[in-house]
Amino acid sequence: MKDTTLSRKERIMKVALSLFATKGYVDTSTKEISVEAGVSEALIFKHFGNKDSLLAHIIKSGYRRVLSHHRGMMTYKNPKEFLRNMIFLPSKLVTEEPQFWKLQERLWHNSFSKQQHEQFMKPVQPILVRAFTELGYANPELETQFLLLIIDMLWKREASGDIDNSLDLALLLEKKYDLL
């Protein structure tokens, strides 16, 4: 019984993620999610309470997946390797979980979504400062701010489909920062 419940819950989340990413959160009803997931609308409310809670659950579980899959990339070994990992991270993330990042891009104005992303990125900032300091940059804090802005723009533009050459841009950054 529990396996069936879990699989239905996971199916609800998968369908909701797909619909929220393609149609938008506001334009997707719980009824539509239930029909596509093959479950009753009441089951959605039983598992998640309401549509907002379903969205919060999708966002939190998405960031948990990202952290578990990329923990090694976010570990500091040396400055050049860490910078290289951060430069290529947006492309890897969007490639691996395109619907999640498309949803995140669409919800950038949503305070909860934004908070979760900032929480995800917060530990990176001091490590970037350390890396730029160790590499002898004159203003490591400003370099960090600049790189974080570029990383933020790259994942958003790639997730929205506005660019298809993010890997080329990452290679350009790798060369600019002399990380080869």
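**How some helices pack in this model**

Okay, let's start with two helices: α5 and α8 are oblique to each other. On the angle scale, under 35 degrees is roughly parallel, over 145 is roughly antiparallel, 65 to 115 is roughly perpendicular, and the rest is oblique. The helix names come from DSSP runs, numbered from the N terminus: helices are H or I with at least four residues, and strands are E with at least two.

Quick housekeeping: this is a predicted model, where local features need pLDDT of at least 70 and side-chain atom pairs count only at pLDDT 80 or more, while totals for chains, interfaces and linings use all residues. Residues are numbered from 1 along each chain as its sequence is written, and side-chain values use heavy atoms, with hydrogens and water left out.

Two packed helices are described by the angle between their axes and the distance between the axes. Here, α5 is residues 79-96 and α8 is residues 124-134, and their axes come within 9 Å and cross at roughly 135 degrees. The axes are lines fitted to C-alpha atoms, for helices over the stretch in contact, and the angles run from 0 to 180 degrees between N-to-C directions. The crossing of α5 with α8 is left-handed; that means the near helix is turned anticlockwise from the far one by less than a right angle, with clockwise being right-handed.

Who actually touches whom? On the α5 side we have P79, F82, L83 and M86, and on the α8 side V124, I127, L128, A131, F132 and E134. Contact here means heavy atoms within 4.5 Å. By class, that's 9 nonpolar, no polar and 1 charged residues. Nonpolar covers Ala, Val, Leu, Ile, Met, Phe, Trp, Tyr, Cys and Pro; charged is Asp, Glu, Lys and Arg; the others, Gly among them, are polar.

Let's stay with α8 for a moment. V124, L128, V129, A131 and F132 are buried there. Buried is under 20% relative accessible area, exposed is over 50%, and partly exposed is in between, with a 1.4 Å probe and protein chains only. Those buried residues of α8 pack against α5, α7 (111-121) and α9 (140-160).

Now compare another pair, α4 and α7. Helix α4 is residues 51-70, and its axis comes within 10 Å of the α7 axis, crossing at roughly 15 degrees. So α4 and α7 are roughly parallel, and their crossing is right-handed. The contact uses A56, I59, K60, Y63, V66 and L67 of α4 with F112, S113, Q116, H117 and F120 of α7. In class terms, that contact has 7 nonpolar, 3 polar and 1 charged residues.

Is S113 buried or exposed? Its relative accessibility is 0%, so S113 counts as buried. Not counting residues up to four places away in sequence, S113 touches I59, Q104 and L107.

Last stop: K80, in helix α5. K80 is partly exposed, at 32% relative accessible area. Leaving aside neighbours within four places in sequence, K80 contacts L135, D178 and L179. Most residues other than glycine have a negative phi. D178 isn't a glycine, yet its phi is positive, about 55 degrees. You'll find D178 in the segment after α10 (166-176).
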